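Subject: Structure for you to look at

Hi,

Here is the structure I promised to pass on. Please open it next to this email and follow along.

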Amino acid sequence: MSLDQLRRSSEGTWESLSRIAVKGAEYNSRERQPHPKCLEGTRVDLLDYIYRLLDDRKKGQLIWLHGTAGVGKSAVAFTVAERMRSLKVTEQTNVEKRLAGTFFFSRKHTERCTTAYFFATLAYQLACNFPSVREDLNRAIRENPALLDPNKSLRDQMEGLFLKPLRRLQIRLRECPPSVFVVDALDECVPETEVADLISLLAEALREPDLPVVHILLTSRSEEHIREAIQEKEACAPVRERPAKTSVTGVVTVISLDGADVDRDICIFLEYSFRKLRVRCPGLLQPSRNKLARLVSRAGRRFIVASTMMKFIDDGYHDPCDRLQLMLEFTSELLPGTEVYKLYDCILVTCSDPARAYLLLSIVATLADPLSISQISELLGPGEGKDVKTVLVQLRSMMDIPTDSSLPVNIFHSSVRDYVLDPSKCNLPEVQHIRYPHSLLARSCLHLMMQAIPRSTALLDALLQLKTHSRAMKPHDPQSLKQALSFIVEPPTPLTVLIALQWLRGGHKSDLLSWLETLDGCAWLETQGGKDWLQNRWRKDWFQTQGKTFWPKAHSVRDWLLTQGRKGSLTEAWPSWLGTQSGRDWLQTQSGQDWLQTQWGQDWLRTQWGQDWLQTRWGQDWLQTRRGQDLLHTQHRQDSLQTLNGEGWLKTESGQEWLRDESGREWLQTQSGRDWLQIQDGKDWLQTQSRQDLLPTQSRRQWLQTQGGREWLKMQLGQDWLQTQGGRNWLKTQSGREWLQTQSGQEWLHTPQGQAWQSTAAASVWVTMEEFSRTLEAISEYTVIPELLLLAAFQAIQQFRSLPDFLMFPAFLALRHQDPSSAALQCHFPSEIEIFHAMMAFEGFAHEAQERSRSTSDALNYACQNWAFHLSRSHNPWDNTLNHLFKSFWSRHLLCWLERQWCLKGLRSCLAILFEAQKFALAEVQSLVKEHRQ
């Protein structure tokens with residue numbers, strides 16, 4: 001999708017931002033469990049000091065809380081974020097809290113170790129907390145969709161996604177306590193240049209005069225590049241810091257945790273932990289004050305050491321008394337900052353095989369995404385993957401091993417990763433020969449994929465066969481499909497989309513008329529093109545064949561006949577058809593009876609055809625009904641309602657009863673009825689939950705587009721109505737989708753009801769179209785090295801790229817769709833149209849490919865997703881084994897990997913992985929090309 005087209009589009013902006021925002025970076029995300037938190041009674045002075053800084057309403061501040069690994073920075077950040085989350089901006093609101101956003105960096109997660117998603121994530125949280133800025137964010141993204149591109153400049157992202165919405169809040173928050181952003185573990189962000197840029201931009205933002213007062217709490221290790229970035233921005237000399245309270249002029253306040261006396265806090269933590277342990281082990285005596293003091297001393301004022309010691313003592317497998325004695329013997333004569341690594345040495349020594357334990361610990365610490373023990377064993381293979389569980393349970397004090405074996409294991413603290421990635425931090429001689437973990441994981445990924453994925457050229461063959469039908473209809477720009485198919489309401493499938501495009505571009509051929517009986521066909525009839533088609537020569541033929549049975553159940557056609565189609569219908573096909581036996585049969589149905597009560601039905605009764613019908617047995621029977629008897633009275637009543645007295649009568653009991661009757665409901669569809677709904681009496685009438693549903697379909701849709709309708713949707717009655725079938729049907733319409741882009745619509749999307757609706761089939765339509773647009777962008781930006789086209793995988797990508805739009809979009813759907821199309825089969829497309837059979841064959845291939853993909857293990861899924869990640873971090877130069885495996889995989893197995901990954905993760909994921917592989921393996925790629933030519 002081009003930037004110009006997306007700029008004009010009013011749909012999908014909030015949904016796009018929601019997908020880009022990194023939910024795992026939020027302070028309380030499940031991805032970060034167990035959450036570190038300051039125990040009650042600890043860090044009291046430090047927290048009070050930070051809270052006083054955050055309450056300062058004079059100017060915004062960047063508060064840098066720094067210290068060495070394990071001193072408790074993340075626990076402080078979480079505790080502050082939780083406290084700010086509990087405080088309201090004003091007493092009059094329940095939604096807006098002082099916590100405006102959080103981002104907790106992590107080197108272990110690819111989207112949390114970069115600034116690429118930083119401002120998008122904060123903007124999403126800011127708009128969730130302050131719904132009034134959502135429309136501003138939507139507008140900014142529509143005007144510049146590239147703001148959501150991870151490669152967009154950080155400054156542009158800050159301006160469009162962060163500063164603009166904050167400026168809108170300046171007046172709103174003028175008399176309120178400052179809002180707070182919490183950013184944790186900035187040292188986990190790479191590369192260092194991005195960190196410096198981010199610090200510089202945040203400091204600039206806080207100096208802007210047209211922003212509300214906001215504070216940013218930033219935590220990190222005491223890394224030199226971060227210190228230099230802060231000092232450079234402040235243009236001040238290095239400051240001699242006092243533990244826990246150090247101020248710097250300007251917008252930056254520095255707080256150092258190194259050297260702070262936290263022995264009392266650690267003692268409180270240890271006492272609390274031993275009390276919990278004694279509940280499970282009643283025979284364990286509370287350690288004496290002397291023993292507690294020795295443990296505190298051995299912790300070296302680092303909470304991570306104290307926490308790890310308690311996990312070691314209470315591992316659930318050994319006698320806590322014996323483990324406590326080992327910790328008491330742990331020497332305290334260590335260099336500052338090395339206590340935790342010496343403790344890790346001590347824990348490894350207790351393992352039955354320290355070298356094996358170190359190897360598996362390094363594997364867990366360097367995985368791109370956490371895996372369970374069984375998945376790690378499968379990934380490593382029969383050799384390296386043996387006895388993984390037996391070894392890892394000995395390391396329970398250093399990593400979280402869930403009791404549920406299907407859940408992933410993970411290290412407790414980033415210091416474990418430092419320990420295994422830097423050989424100098426481990427002093428055990430038996431581990432010095434351990435190989436690089438990324439190289440081992442790269443070899444394991446390649447080997448597993450080559451063993452588990454069958455070699456096949458099915459993807460390339462299917463795309464080549466599909467391309468032979470490229471001239472079946474006139475191609476258009478693929479970017480225009482979103483607009484052309486904006487009417488669809490059912491989740492798109494390859495065949496339903498192909499049939500719709502054949503109908504639209506094939507000149508409305510009569511052999512595809514059955515498509516009009518689908519929900520998408522009904523929705524198209526409501527568009528201007530559909531209404532125009534109903535006026536042309538096809539209408540008469542259709543009414544006299546399929547239409548005469550379909551019309552009573554198709555509200556879109558009924559609406560047309562009751563509105564725009566009335567004049568034409570009285571002079572052309574419709575009145576004459578009513579005179580046929582089929583028309584008379586229809587008049588006996590409920591829909592026909594309802595139609596006779598309308599103005600156009602009454603006009604028809606005055607025609608010769610209507611008069612003839614009244615002379616029949618069926619017409620005479622109808623005249624004896626209440627509706628027939630009330631015909632003239634109803635007409636008189638509707639005329640009288642044009643007067644003020646008539647509107648007054650509607651407030652009487654008989655008037656209220658009449659509004660519930662069919663004739664009253666029909667009147668509400670007239671212009672005078674819609675006008676009445678806009679005055680206070682009409683609005684009052686709607687203040688019961690059930691009465692809005694009494695509005696006829698057409699009248700309801702028109703009324704909901706008015707200011708009164710939009711205001712009603714904000715009320716509880718309107719919110720409740722959106723949960724009804726009528727409300728859900730309305731959300732499928734164009735007016736419903738337009739409402740979702742408004743501020744009130746965006747607010748509703750974040751309610752539990754709105755979140756539930758987004759997972760429905762109706763909501764999936766525009767989600768799918770947005771995904772296709774992003775895939776088109778990725779394809780256009782991906783450059784294939786010409787030599788690579790000799791490889792089958794890149795030929796398949798090129799074939800897909802060259803498909804015309806009417807084949808590309810259905811093929812895209814087939815490779816992401818879960819089940820073969822069934823709705824399309826109800827259309828009974830002509831058997832002689834070969835393109836449909838070709839698409840059915842392609843969809844059959846895709847379904848089989850997806851079944852093969854879904855039946856594989858999580859370990860294989862990990863290998864397919866992360867092989868390039870580990871290759872890029874492997875020791876250079878590669879050893880012979882890794883080099884051989886890569887060449888074999890790249891030349892012989894890449895196409896079958898592409899098929900599997902495409903079905904599971906989409907083409908965009910494949911292109912990102914291939915781009916990384918090309919980047920670091922260019923020499924190997926060129927060597928493979930030479931071998932191929934020879």
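Below is what I found in it, from the whole protein down to single residues.

First, the ground rules. This is a predicted model, in which local features need pLDDT of at least 70, side-chain atom pairs count only at pLDDT 80 or more, and totals for chains, interfaces and linings use all residues. Residues are numbered from 1 along each chain as its sequence is written, and side-chain values use heavy atoms, with hydrogens and water left out.

**The whole protein**

The protein has 57 helices and 8 strands; helices (H or I, at least four residues) and strands (E, at least two) are DSSP runs, numbered from the N terminus. Of its 934 residues, 55% are buried. Here buried means under 20% relative accessible area, exposed over 50%, and partly exposed in between (1.4 Å probe, protein chains only). Among contacts (heavy atoms within 4.5 Å) between residues at least 6 apart in sequence, 72% join residues at least 24 apart.

**Helix 52 and its two partners**

What is the burial of helix 51 (residues 805–814)? In this helix, 10 of the 10 residues are buried, so helix 51 is largely enclosed by the rest of the structure. Among them are Phe 806, Met 808, Phe 809 and Phe 812, along with Asp 805.

Helix 51 packs against helix 52: their axes come within 9 Å and cross at roughly 30°. That makes helix 51 roughly parallel to helix 52. For reference, axes are lines fitted to C-alpha atoms, for helices over the stretch in contact, and angles run from 0 to 180 degrees between N-to-C directions. Angles under 35 degrees count as roughly parallel, over 145 as roughly antiparallel, 65 to 115 as roughly perpendicular and the rest as oblique. The crossing of helix 51 with helix 52 is right-handed; a crossing is left-handed if the near helix is turned anticlockwise from the far one by less than a right angle, and right-handed if clockwise. Helix 51 makes this contact with Phe 806, Leu 807, Pro 810, Ala 811 and Ala 814, while helix 52 uses Ile 835, Met 839, Phe 842, Glu 843, Ala 846 and Gln 850. By class, the contact of helix 51 with helix 52 has 9 nonpolar, 1 polar and 1 charged residues. Ala, Val, Leu, Ile, Met, Phe, Trp, Tyr, Cys and Pro count as nonpolar, Asp, Glu, Lys and Arg as charged, and the others, Gly among them, as polar.

Helix 20 (residues 458–467) also packs against helix 52 (residues 834–854), at an angle of about 170° and with the axes 10 Å apart. That makes helix 20 roughly antiparallel to helix 52, and their crossing is left-handed. Ala 458, Leu 459, Ala 462, Leu 463 and Leu 466 of helix 20 meet Ala 838, Met 839, Phe 842 and Phe 845 of helix 52. This contact divides into 9 nonpolar, no polar and no charged residues.

**Helices 6 and 7**

The axes of helix 6 (residues 134–143) and helix 7 (residues 154–168) come within 9 Å and cross at roughly 145°, in a right-handed crossing. From helix 6 the contact takes Asp 136, Leu 137, Ala 140, Ile 141 and Glu 143, and from helix 7 Gly 160, Leu 161, Lys 164, Pro 165 and Arg 168. The classes here are 5 nonpolar, 1 polar and 4 charged.

**The loop between strand 3 and helix 8**

Pro 191 is found in the loop between strand 3 (179–184) and helix 8 (192–207), and a cis peptide bond joins Val 190 to Pro 191, with omega about -5°. Ala 185 lies in this loop too, with a positive phi of about 60° although it is not a glycine. Ala 185 counts as buried, at 12% relative accessibility. Glu 188, also in this loop, is buried with a relative accessible area of 7%. Not counting residues up to four places away in sequence, Glu 188 touches Phe 105, Ser 106, Arg 107, Cys 113, Ser 414 and Arg 417.

**Elsewhere**

Another cis peptide bond runs from Gln 33 to Pro 34, with omega near -5°.

Best wishes
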